Amino acid sequence: MPGLTIRRTLDLDCSPTDLWRLVTDPHSLSGWLGREVEIDARSGGQGRVLDDDGIIRLLVVDEVVPGERLSFTWWPQADDAAASEVTFTVQEADEGSRLVVTETASAVVADGGSWDTRLISLWLAVCSQVTV
Amino acid sequence: MTVADDPLNTLFDALADPTRRGLLQRLVQDGPDTASHLAVDLPVTRQAVVKHLQSLVEAGLATPERNGREVRYRATPEPLAQAVGWLLAAGARWDERLARLERLAGSRRP
């Protein structure tokens with residue numbers, strides 16, 4: 001199992017071309033990804049996201065396939081050990097477009113050590129019901 | 001970072017086995033215990049339980065504590081708690097972002 005991955009899929013009415021602009025253009029990204037987004041959406045390009053929670057995330061673009069896929073690695077400015085990789089994949093869908101977002105962390109960093117044995121037991125019980 | 005030294009891979013490899021998940025759950029719920037005592041309720045040998053416990057130790061999910069001739073294993077599930085915490089927090093952030101994107105892009109198809 002490769003790291004820890006979040007995956008979300010969103011179907012939209014807009015065309016794949018419009019969706020690509022929404023996920024790569026800094027002005028558009030500032031309307032949804034965070035409060036202020038700067039990004040040079042080219043391979044090796046850098047960027048900066050001021051998130052809703054006030055956290056500043058710095059990013060480096062890993063890969064761009066124009067119109068199809070954008071991958072970047074980002075990390076909180078204050079904590080570069082907490083890096084994760086985000087990939088936006090834009091697909092054609094019936095009468096619209098589909099965005100698949102994944103975020104993968106290869107390491108997670110302690111958040112102060114607050115944890116709850118009930119949560120762990122619940123999680124293990126959930127794992128027992130599904131194939132890991 | 002290579003796959004081999006990826007702590008999360010070690011963590012999930014350790015948790016991929018149902019016997020190991022069961023052992024960890026018992027250590028979390030009932031406190032530190034020995035391999036011999038844990039093996040009583042399981043359809044596997046004490047030696048097999050020791051191997052499973054060693055996998056949990058390597059993943060940072062348990063710690064052996066020697067007391068005379070006895071070794072008791074204590075659950076240390078913080079790495080799992082951190083992983084679950086990240087999943088919940090990062091997932092909630094994407095749900096909020098994608099709700100905004102949906103409003104920005106217009107209504108979703110029925």
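Which residue in E7(A) is the bridge partner of Thr87(A)? It is Thr102(A), and this pair makes a handy starting point for a walk through the structure, which is a predicted model.

Let us stay with chain A for a while. Its secondary structure comes to three helices and seven strands. Read from the N terminus on, the elements follow the order β-α-α-β-β-β-β-β-β-α. Of the 132 residues in chain A, 24% are buried. Among its contacts between residues at least 6 apart in sequence, 32% join residues at least 24 apart.

Now back to the strands. E6(A) runs antiparallel to strand E7 (residues 96–105) of chain A, and 10 bridges join the two. Two residues lie between these strands in their hairpin, where Glu95(A) takes a positive phi near 55°. E6(A) is also joined to strand E5 (residues 69–76) of chain A, here by six bridges and again in an antiparallel arrangement. To find this pairing in the model, look for Phe72(A), which stands opposite Val86(A) in E6(A).

Is Glu85(A) exposed, partly exposed or buried? It has 18 C-beta neighbours inside 10 Å, so Glu85(A) counts as partly exposed; a buried residue would need 20 or more. Leaving aside neighbours within four places in sequence, Glu85(A) is in contact with Asp62(A), Ser71(A), Thr73(A) and Thr104(A). Trp74(A) is 11 residues away along the chain, yet its C-alpha atom and that of Glu85(A) are separated by 6.4 Å.

Chain B has a sheet of its own to explore. Three strands form an open sheet there, in the order E1-E3-E2, with antiparallel pairing. Strand E1 (33–34) and strand E2 (62–67) of chain B stand at the edges with a single partner strand each, so one side of each is left without a neighbour in the sheet. E1(B) pairs with strand E3 (residues 70–75) of chain B over two bridges, and Asp33(B) has Tyr73(B) in E3(B) as its bridge partner.

Helices pack on this sheet too. Helix H2 (residues 18–30) of chain B touches E1, E2 and E3 of chain B, and its direction makes about 85° with that of E3(B). Helix H4 (residues 46–58) of chain B touches E2 and E3 of chain B, at about 115° to the direction of E2(B).

Further along is helix H5 (residues 78–105) of chain B, with 28 residues. At 1.5 Å a residue the helix should span 40 Å, which agrees with its end C-alpha atoms being 40 Å apart. Its buried residues include Pro79(B), Leu80(B), Trp86(B) and Leu101(B). Just after H5(B), Gly106(B) takes a positive phi of about 100°.

Finally, let us look at the nonpolar cores. The largest has 28 residues, and those touching the most other members are Leu24(B), Leu56(B), Leu61(B), Ala62(B) and Leu80(B). Among the elements giving two or more residues to this core are helix H3 (117–129) of chain A and, from chain B, H2, H4 and E3. H5(B) gives the most, with five residues. Leu61(B) has contacts beyond its neighbours within four places in sequence, including Ala14(B), Leu24(B), Leu56(B) and Leu80(B). A second, separate core of 20 residues includes Ile39(A), Val49(A), Phe72(A) and Ala105(B).

Notes:
Residues numbered from 1 in each chain as written. Chains lettered and ligands numbered in written order. Predicted model: local features only at pLDDT ≥ 70, side-chain atom pairs only at ≥ 80, totals over all residues. Pairing = 2+ DSSP bridges. Helix = DSSP H or I, 4+ residues; strand = E, 2+ residues; numbered from the N terminus. Contact = placed C-beta atoms within 7 Å. Axes fitted to C-alpha atoms, helices over the stretch in contact; angles between N-to-C directions. Buried ≥ 20, exposed ≤ 12 C-beta atoms within 10 Å, placed from the backbone. Expected span 1.5 Å × (residues − 1). Core = buried A, V, L, I, M, F, W, Y, C linked by C-beta atoms within 7 Å.
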